[in-house]
Amino acid sequence: MRTDVVQLSYIAATALFILGLRGMSSPRTARRGIVWAGVGMLIATAATFLTPGMGNYVLMVVALAVGGSIALVAARRVKMTDMPQMVAIYNGMGGGAAAGIAAAEFLRAGTMPTSFAIMGIAGALIGGVAFSGSMIAFSKLQGFIRRSFVFRGQNVFNAAVLLAALAFGTVTVLQHLDVVGGPEPLMLTIFFVLALAYGVLMTLPIGGADMPVVISLYNALTGLAVALEGYVLGNAALIIAGTVVGAAGTLLTQLMAKAMNRSLANVLFAGFGASGGAEPAAVEGSMKEMSAEDAAATMAYAQKVIIVPGYGMAVAQAQHKIWELAKALQEKGVDVKFAIHPVAGRMPGHMNVLLAEAGVPYDLIHDLDEINPEFPQADVALVIGANDVVNPAAREDRGSPIFGMPILDVDKAGTALVIKRGRGTGFAGIENRLFYGDATRMVFGDAQDVAGRLVQGVKKM
């Protein structure tokens, strides 16, 4: 009877996971989706306590209390600008947990069925790579690691480490099948060291501009690792939930790579900046500065304004002021829309989350394909802290590292106003041709301060 209740609970939890994931596919239903998924996790956790033969209840409760407390404090205190780091580290913890489960099973068990041994070691490898790789991604986003590490023959060396991990993993499997002797913890330890090392080595050369794709990839790997370990444990909830997360993460990774016009292999193994040997064209012209007051007047007398948020808006926490500016423009009869690039910010959906936090209605937020045809009809395109995703070099310069990447066509608007803290390059480290355009005006300063002055300027018109 208790087993039936547990299995039914897992099925209900799985259904809620799927409904939650579906809800998170749209900003309108994302909050509801998160609640559904949270309830599903609560049900699955409670059902685990009822599993026949389960023990160590005190340790489980302590672990839940400690982990839950840390998560609660972190969720309340972490700034929105640091949310990508939080996603990376929590995702890594999921992969690490899957690897830890595998380690415990291999250390506890003697001989085991072939499928269990193979699935277990595969989940351990994938989970270990996701854990250590996510920790490096976190370090890069947090600024602990400020450059990419590239050396001659790196891909060959990394492949050798992976093959060595596979070799020791194979030996571990054969030991637990009682083919080459009994289980030997040393082989398992070496396997995990190599798996963790490969995750580090695979992530170190990847540039910061590619981190949204990398985070999405490791999310997919974590889901797959959880599904494999769910098979080993005979846990239906882990199998289904892990598979759904893995599939969703894989699809998202492909979409993110497509948004950068790069293959996943290119992101992982080629390093950022490969341009087929062509040299980037020199940027001509100069940046033309405009005061916030003049920029406010330009927008106040416009008929249509498209606002393009970027990471600079997140750093300055200016989303509330930008929404206040948009409302002030609407009161003047201006048609205002927001344009979001798929890889704007430091993780998928970063800008959407910020705008939702500020209360921007979902029907004003448009993605790249929807909004690009409207830029030629816009009187003003206001860019707040975005850089590489609005760089015309992606269309015009075959020597540019971002050539071919779909961008927001800000340069086709009547006037491009760019709020920027300084004159430096973007996350990709290349000059932005938009900033030197004849129709572009730069408004230098902290995004929140400038946005406040724009609001006041518009209201005075």
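Leaving aside neighbours within four places in sequence, which residues is valine 390 in contact with? In this predicted model, local features need pLDDT of at least 70, side-chain atom pairs count only at pLDDT 80 or more, and totals for chains, interfaces and linings use all residues. Residues are numbered from 1 along each chain as its sequence is written, and side-chain values use heavy atoms, without hydrogens and water.

Beyond those neighbours, valine 390 contacts Val308, Val383, Ile407, Leu408, Val410, Asn432 and Leu434 (contact: heavy atoms within 4.5 Å). The largest nonpolar core holds 67 residues. A nonpolar core is a set of buried Ala, Val, Leu, Ile, Met, Phe, Trp, Tyr and Cys residues joined through side-chain atoms within 4.5 Å; buried means under 20% relative accessible area (1.4 Å probe, protein chains only). Val308, Phe375, Val390, Leu408 and Val410 touch the most other members. A second, separate core has 49 residues, including Leu354 and Ala451.

Helices are DSSP runs (H or I, at least four residues), numbered from the N terminus. Helix H6 (residues 154-176) packs against helix H7 (residues 185-203) at about 155 degrees, with axes 8 Å apart. Axes are lines fitted to C-alpha atoms over the stretch in contact, and angles run from 0 to 180 degrees between N-to-C directions. H6 and H7 are therefore roughly antiparallel (over 145 degrees). Among the H6 residues meeting H7 are Phe157, Leu162 and Phe168. The contact of H6 with H7 comprises 17 nonpolar, four polar and no charged residues. Nonpolar covers Ala, Val, Leu, Ile, Met, Phe, Trp, Tyr, Cys and Pro; charged covers Asp, Glu, Lys and Arg; the others, Gly among them, are polar.

How values were computed:
Helix = DSSP H or I, 4+ residues; strand = E, 2+ residues; numbered from the N terminus. Parallel < 35°, antiparallel > 145°, perpendicular 65-115°, else oblique. Buried < 20%, exposed > 50% of the residue type's maximum accessible area, 1.4 Å probe, protein only.
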